[in-house]
Amino acid sequence: MGDVQSRFPYAALLLALAAITLSGCSPKPPIDDGTLVIALPGAPSNIDPRLATDAYGTQILQMTHASLIRMDAAGNPVPDLAERWEERSPTEIVFRLREGLRFHDGKELSSADVRYTFAWILDPANRSPHRATYGTIRAIDAPDPRTVIFRLSEPSAPFLAGMVRGIVPIGSRAAGYSPPIGAGPYRVDDFQQDSEIRLSRFDGYFGTPPAIERVVVKFLPDSNVRFLELAKGSVNFVMNGVDPDLIPAALEHGNLVMEEAAGSNASYLGFNLRDPVLSEPLVRRAIACAIDRESIVRSLWKGHADLADSILAPGFWAHADGIPAVRFDPDAARRLLDSAGYRDPDGDGPQPRFRLTYKTSQNELRRQIAAVVQEQLHRVGIALEIQSFEWGTFFSDIRKGNFQLYSLTWVNIQDPDIFYYAFHSGQVPPEGANRGGYRNPEIDRLVERGRREPSREKRKEIYRKVQLLLARDLPVFPLWISRNILVRDRRLEGFEITPGEDYTSVKEMTVRREKEAGR
Amino acid sequence: MTGYLLSRLRQMVPVLFGVVTVVFLLIHLIPGDPVEIMLGESALAAQKEELRRELRLDRPVVVQYGEFLLGLAKGDLGTSFRSREPVLREILRRVPATLLLSAASMVVALLIAVPLGVLSAMRQHSVVDHLSGFLAMLGLSMPNFWLGPLLILIFSIGLGLFPVSGYGTAGHLVLPALTMGAGMAAILMRMLRSSLLEEIRQDYVRAACARGLSRRDAVLRHALANSLIPVLTVMGLQFGALLSGSIITETIFSWPGIGRLTIQAIEARDYPLVQGCILFIALCTVIVNLLTDLLYSRLDPRIRYE
């Protein structure tokens, strides 16, 4: 009897484990039910379009919320909720909404909702991080349910790019993790912060309703786990979330395919121009010549990046052609350093010409890149000390100008007005992002003109000059633009990879049937 | 007993006060501006100043500390900078996942540790003893960031038994609980073995055997209970650590627990949330230790609290 009693708990536990096993395992992968399961490398801190700032929140909002306009792959504005728009004057822009627009709850979407959304952002009491984007808006009028008029205090070329903002219904509260409803192709059914968000097709969507009925977005911070989920089939769509090292292994699974397209996230090396050594343009050029970007792209990025000549991607409308490329040339680097007065004190001996510190985040790839740069600079006689910090500390140091060299990436550039923000002499933190303290009156004049100029052609010419000047002065050294890599189930079709990692075209996706996929 | 309980509860106050003070100072000392992180670089300097004023971050740290203590005395942990939700609600939302994973990991640890610990003590220097010693070494030396993916590879990908990651069903719980329970099982197993070995050599065990009890019954019915006190001490300490969450395990399995919340709060320099999370962890740890101490008297009637 004693034996039976002592064994019983273990027998019961084994049974319980078996039951758990059976309940836990899914008999077939979600793709078989036509469910798209996307993995994102992190959880959004907010999915209210008036407040969301991180990339993950933005990508979810592209599926759930509609804006007045959206941007196509080349950065050109295209209609979304607004069927057309016109500039009555440089300070008066009129949008005409489509007919019969509805929110996910079935209520009509009108110009009053548009006015409310932007007025909410502009209200200081709401502490929206996007308020500065709309600083030139003086008034918003909604003369009839389908017309919205934005009146600006001064001409603003980047204004249109700011209209990519999800519209919410009048009276929507900013209620923590409960997202306000939208008018996008998918509605939010359930949002588990830190875990996943479940979406379902919105049949009242103004465009063609999506073919895929259910979308699950899982937040998986561990890259190995994203790979394993793909391998198991419990995730069937990952964009830029599989380590370059793991991509070949992922493709060994017959059900997965990879697609690759040009990206827009530009990594660069930042110089502190207040530093006595780095204020010398010859030194900056020497450092640029000493870095073998091609070998870094080949060995660390496994070829999934393109060399950059500007912080704008080549496909972007304002990218300038004919920017002189900085070629890897260690001999030239040594000569430049010699002419700058930094001669190598002992030739090939251990003593460097000078020492610099290089700050980076704790991201593994970034640290590996830093180590390679350190070795390459050592070959031309520059001793580099690498300091890697947790993101908050790293970014705080960069903002305070507490660095000599650092590496960062510009993501999701929507408008060339980024040059004003990053290189105008009045944009040194805390006001802007001219972190290196670059000052050039010619650049100041051009970027000020560029943000007021309504003609795109004229703006293109202005920013061409800006990019040529920056390539000459090298206040930052553009390194490479990572390519966008999508690993997906081979049955998923119709997704268009855009340079900005846009998820808008999820609504165009279809699931091919097994037999067709096998052909 | 009541007097002892009250005295222990009184002792908790300075401990918790010390914890919140140290955390408050540390989080304010480390570089990183919550306003910059919230508004981003593009915000105007005036807008940042406005928000700094609104969040009362423009006041001297001493004043902020005083206000924090005042709020704490009223049971108000403040509002998260990041989510704008009350900190208490943020924490309570994560408590079920944290408790579930901690309890399941403890159950896993006990299921492995007790039988193997008892067997190795009863059959010292046998193959079982050596094998359990080897397993303990393995459990202790395998880091969670390696064990977690390994378990996923075997049980999720290879055998298809459990989901890879996530939270919600019983199946989701198994692998993270095994990952967290393995290391603890190793500690408990070795602790139980050495404690039981001491008890087995006591006269009362020999006397029980002399009265006709089998060696197994003498060990299981008498020696085991007495050997559990040091094991319980370790369990209490380990359970406290479990409640604070394992950042790595929670990250691997996308488990929405307190550990991940704390890390996210630190990264966002969400001061009220960091303070709230650490206070919760400290509170759980002292409560579990108190309960452990109270359990001693249950296991050994000779222990009395006056």
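## Polar contacts between the chains

A polar contact is a pair of N or O atoms within 3.5 Å; within protein, one of the two must be able to donate a hydrogen and the other to accept it. In this predicted model, 14 residue pairs, both members at pLDDT 80 or more, are in polar contact between chain A and chain B. The elements of chain A that give two or more residues to the side touching chain B are α1 (2-24), α4 (223-232) and α10 (391-399). Of these, α1(A) supplies the largest share, with 8 residues.

Which classes of residue make up this side of chain A? It has 23 nonpolar, 16 polar and 11 charged residues.

## Extent of the interface

The two chains meet through 50 residues of chain A and 50 residues of chain B. About 4200 Å² of area is buried between them, and carbon and sulfur atoms give 52% of that area.

Salt bridges also link the chains: the count between chain A and chain B is 5. In one of the salt bridges, Arg131(A) pairs with Glu50(B), and the closest N and O atoms are 2.6 Å apart.

## The fold of chain A

Chain A contains 14 helices and 19 strands. Its C-alpha trace spans about 85 × 80 × 50 Å along the principal axes. A compact globule of 519 residues would have a radius of gyration near 24 Å, so the 26 Å of chain A agrees with that expectation.

How much of chain A is buried? Of its 519 residues, 55% count as buried. Among the contacts in chain A with a separation of 6 or more, 67% are between residues 24 or more positions apart.

Gly436(A) is located in the loop that runs between α11 (418-423) and α12 (441-452) of chain A. Is this residue buried or exposed? Gly436(A) counts as buried because its relative accessibility is 10%, and the cut-off for buried is under 20%.

Which residues does Gly436(A) touch, leaving aside its neighbours within four places in sequence? The contacts are with Phe271(A), Asn272(A), Leu273(A), Arg274(A) and Phe403(A). A further distance concerns Ser279(A): this residue is 157 residues from Gly436(A) along the chain, while the C-alpha atoms of the two are separated by 9.7 Å.

Technical notes:
Residues numbered from 1 in each chain as written. Chains lettered and ligands numbered in written order. Predicted model: local features only at pLDDT ≥ 70, side-chain atom pairs only at ≥ 80, totals over all residues. Heavy atoms only, no water. Contact = heavy atoms within 4.5 Å. Buried area = accessible area lost by both parts, 1.4 Å probe. Salt bridge = Lys/Arg side-chain N within 4 Å of Asp/Glu carboxyl O. Polar contact = N/O pair within 3.5 Å; in protein donor to acceptor, adjacent residues only side chain to side chain. Helix = DSSP H or I, 4+ residues; strand = E, 2+ residues; numbered from the N terminus. Nonpolar A, V, L, I, M, F, W, Y, C, P; charged D, E, K, R; others polar. Rg over C-alpha atoms; globule rule 2.2 N^0.38 Å. Buried < 20%, exposed > 50% of the residue type's maximum accessible area, 1.4 Å probe, protein only.
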